[in-house]
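Thank you all for coming. I would like to go through one structure with you, part by part, and please keep the view open while I talk.

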Amino acid sequence: MNRIMRAGLALGLSVVTALSVIGCGNAAGGGKQTLTVFNYSEYLDPDVIDQFTEETGIEIKYEEALTPEDMYTKYKAGAISYDLLCTADYMLARLIQEGEAQPIDISSFENKDNIGERYWEFSRAFDPENKYTVPHFWGTIGILYDTTKVHGEIDSWDVLFNGEYAGDIIMQNSIRDSFMITLKYLGYSLNTTDEAEIRAAYEAMKAQKPDVEAYLVDEARDEVVAGNAAMAVVYSGEAYLGHQYNENLRYTIPKEGSNVWIDSWMVTKNCKNMEAAQKFLDFLCREDIAQKNFEYIYYSTPNEAVIANLSDEERADESLVPNMDAMQNCEVCVMNDEAATELMNELWKELKAN
Amino acid sequence: MKEHLINFICRFYFVLIMIFLYIPIAVMMVLSVNDSRSRVVWGGFTLRWYGQLLTNRQIREALITTIGLAFLSSAIALLIGTAAAFGMHYMNKRRYAVMMGLTNIPMLNADIVTGIALMLWFIRFLPLGFTSVLIAHITFNIPYIILAVLPKIEQMNMSVYEASRDLGATAAYGFFTTILPQLSGGILSGFFMAVTMSMDDFMITYFTKGAGVNTLSTMIYGEIRKGIKPEMYALSTVIFTAVLILLLIVNYAPSARERAQHRELAEREL
Amino acid sequence: MNRRNRELLASPYFIWSVGFTVIPLIVILRYAFTNAGGAFTVENILAIGDSINRKAFLFSLEIALICTLLCILLAYPLVMVVRRLHISRRAFMLFFLILPMWMNFILRLLAWQMILSSNGILNFALQALGLKPLDIANTWTAIIIGVVYDYFPFMMLPIFNAIADIPEDVIEAAKDLGAGPLTVFTRIIFPLSIPGLKSGITIVFVPSMTSFVVADILGGGKLQLIGNIIEQEFTRSSNWNLGSGLSVALMVFVFISMAFTIKDDVVKEDLELVCVEGTEKPGRRKAA
């Protein structure tokens, strides 16, 4: 016993010493320019951050969040003064509306033209004048399915609701995503604030619940890859990875339409060093950097220069480069109506309680 | 015959529990040598994740922060908590109940509630960084120490201590030679629990940490969506094996005292 | 040192507690007793009685009770077995039990998901043995397994600590005086383990009510604990008032139920007696 305690004490002491050494190392670099950047986890190649610091001498303090809501909570608490953040379309809409964003001089970017015109168009849904946000990655929501486990072509949300694949379906454990696809399935707009339409979506989801194997967020893709379920509602980027691991998997954007989502960068009103922030955003648009990020994340990039570098096979992959025809009925989600959001939250709890 | 049967059942039960506890660890170890980035696909045997561990700066930094945080917070909690358990032992029923209530609060709240409340409190006087996470971890670690040490104190035999004082020992000497050994089991298990809790915590760490401070826990949570990186499985396996080896060495190597005794015996024989 | 001075040993903890437990608690209470506009209300607390919340609360209670009970039922035999098998190196044992917990929580849960899923390791093993595969994944059972796995060592350790020090002489003496194994357990082992058991229950019962990550990963997100609702109110719904209110209601419930189990002085004195006598004059109490 004593020996273990002594060993533990020795270990503890050495750790403390190691820590204080590290602590001093960090404190040494005063007077440098720094940017505090807030992003989703695993949404930027760490080497890119190092390279930016090497090239410009600007230090990046990098912070990650799991969901737009987590990000909003931490940002709004004011605990850390973030300069830049990258988040989802509807959250950007909310932040811009609340006056949290600073206009960016995008025309001054050297690499502005790498971002395709259509992505600036998409962005107008939440940033009408294209002056607050710069697109980072984008994609769609659709169905990832195992061709060996389904019969016929999958091209409609109906397969999730008609009971044919009962016990073999994985839904998104996310209020917004689940409501959006159900609203689309019923032929409504996913930005609807109409109570009757939202309640109709709830009824459909309630009827569907016994058929659902699980509501997962993060592990949905793996479950289909492993053959534990025939199909799952996933983000397009996940579908690409799923296909890499199991070539029987296909991704489809149902004909009723779906959600097209964009995650973009914005500069917060707290940012004191606009020049550095713009340098960072411009840097991210640069071809080689965007290429690195793309290869790290494998989500659809808005960077045309990178798309041009893709192999033909990759460019034909709908989960990587969504086909514009398939996206005719797709919408960007910008709904921030308080009453409608609250109703969805309440109904979601009710759904789970049954 | 009956004795044998009982012994067999005992061993069987022991092995069963061990399998229950260690089977997920075995899964993890297999994943650490799987040559595929997906956990559900077997891509053949590889050791490359172990190689990449050495070169990955993010993982290295997070590992140092995690271990530092766990041991530092548990050590401080150990000091405060053990002293508190002693104090509580001598309290009257009402004060004891108040202190026990205080001890229960951090365990009672959902982590997210504690995390957000601490964050809102910290931002009034403390910039979020390593220190704020450390304070948060100490706060939720103390109760585990108290809950582990208190039962030992309640069972403790104080007469040995009184006797040592009667025989002229100083309070400190008496404490270290008579009381501490009786409590070591409780202290040790409290410390282990605290280290474990600290290493596992995500929510409280997430809300109280500053930008750029990362623990393995916050890294792993971030990786779930894209799939846990196999380097993490490799790292877990390394930690696990290292601790196990350390434990075996500490447990089976003869202690300095034993060695001295051997030497003495040998010399006497000469 | 007199009693008064000894009590002061708890003062650093008391100060720490006020600074980092009580004040944050006041923050929560302020949210709990106000509405979004800042006006006083008790609605958030009473919301625990709403049908959805009540259902989640009762379900959490059920899970927590079952898991605590399972942990106790698994822990006592193990403690007895360890005593019987004379695994004398106690520190080693403690470590061995807690070591699996040093793998990250999420990694452990994901491992269990792989074990229990329909194409998983368990079913593979069952089929190899010619047995019928089980459909445990994404059910109530999976949640129970996950919670028990996570908290079992925290039940085991305090109980183990409480009775590991009972000298073998005491038990031998009791046996010599004609006590069977059952009597030894009910009259010596169990009473001595009570302080440890209480600690164990505190550590296991309360957190298992709010362990929403287990419900999400192993339960397939189909079942809802009160922890899931609180989490949803804080993050996705941004309704901190309601989230805090439900939290406070949960806290009140646990405090009330604990008021019945907290320090029972009679038991405590009895234990001290057993201990002191046990170490010095084994068997006397039994004889008397």
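In chain A, the domain assignment gives domain 1 (32-138 + 261-323) and domain 2 (140-259 + 327-353), where the domain bounds come from an automatic or database domain assignment. Before I go further, please note that this is a predicted model, in which local features need pLDDT of at least 70 and side-chain atom pairs count only at pLDDT 80 or more, while totals for chains, interfaces and linings use all residues. Residues are numbered from 1 along each chain as its sequence is written, and chains are lettered from A and ligands numbered from 1 in the order in which they are written.

Taken over C-alpha atoms, the centres of domain 1 and domain 2 of chain A are 26 Å apart. Between them, 19 residues of domain 1 of chain A are in contact with 15 residues of domain 2 of chain A, and two residues are in contact if their C-beta atoms, placed from the backbone, lie within 7 Å. On the side of domain 1 that touches domain 2, the elements of chain A that give two or more residues are α4 (89-97) and β10 (260-268); helices (H or I, at least four residues) and strands (E, at least two) are DSSP runs, numbered from the N terminus. The largest share of that side, five residues, comes from α4(A).

Let us turn to chains B and C, whose contact takes 80 residues from chain B and 82 residues from chain C. Several helices of chain B each supply at least two residues of the side that touches chain C, among them α1 (2-32), α3 (57-89) and α10 (216-223). By class, that side of chain B has 57 nonpolar, 17 polar and six charged residues, with Ala, Val, Leu, Ile, Met, Phe, Trp, Tyr, Cys and Pro counted as nonpolar, Asp, Glu, Lys and Arg as charged, and the others, Gly among them, as polar.

How do α1(B) and helix α6 (residues 105-116) of chain C cross? Their axes come within 9 Å and cross at roughly 90°, where axes are lines fitted to C-alpha atoms, for helices over the stretch in contact, and angles run from 0 to 180 degrees between N-to-C directions. That angle is why α1(B) is roughly perpendicular to α6(C), a label used for 65 to 115 degrees. In this contact, Ile23(B), Pro24(B), Val27(B) and Met28(B) of α1(B) meet residues of α6(C) including Leu107(C), Arg108(C) and Trp112(C), and the residues of the contact divide into nine nonpolar, no polar and one charged.

Helix α10(B) is mostly covered, with seven of its eight residues buried, and Met219(B), Ile220(B) and Tyr221(B) are among the buried ones. A residue is buried if 20 or more other C-beta atoms, placed from the backbone, lie within 10 Å of its own.

Chain C has 15 helices and zero strands, and 50% of its 288 residues count as buried. Chain C also meets chain A, in a contact that takes 21 residues from chain C and 22 residues from chain A. By class, the side of chain C that touches chain A has five nonpolar, 12 polar and four charged residues.

Finally, a word on confidence, given as pLDDT, the predictor's confidence in each residue, from 0 to 100. Chain B has a mean pLDDT of 86, and 93% of its residues reach 70 or more. Within chain B, confidence is lowest in helix α12 (residues 256-269), at a mean of 64, and highest in α3(B), at 93.

Terms used: Angles under 35 degrees count as roughly parallel, over 145 as roughly antiparallel, 65 to 115 as roughly perpendicular and the rest as oblique. A residue is buried if 20 or more other C-beta atoms lie within 10 Å of its own, exposed if 12 or fewer, and partly exposed in between; C-beta atoms are placed from the backbone.
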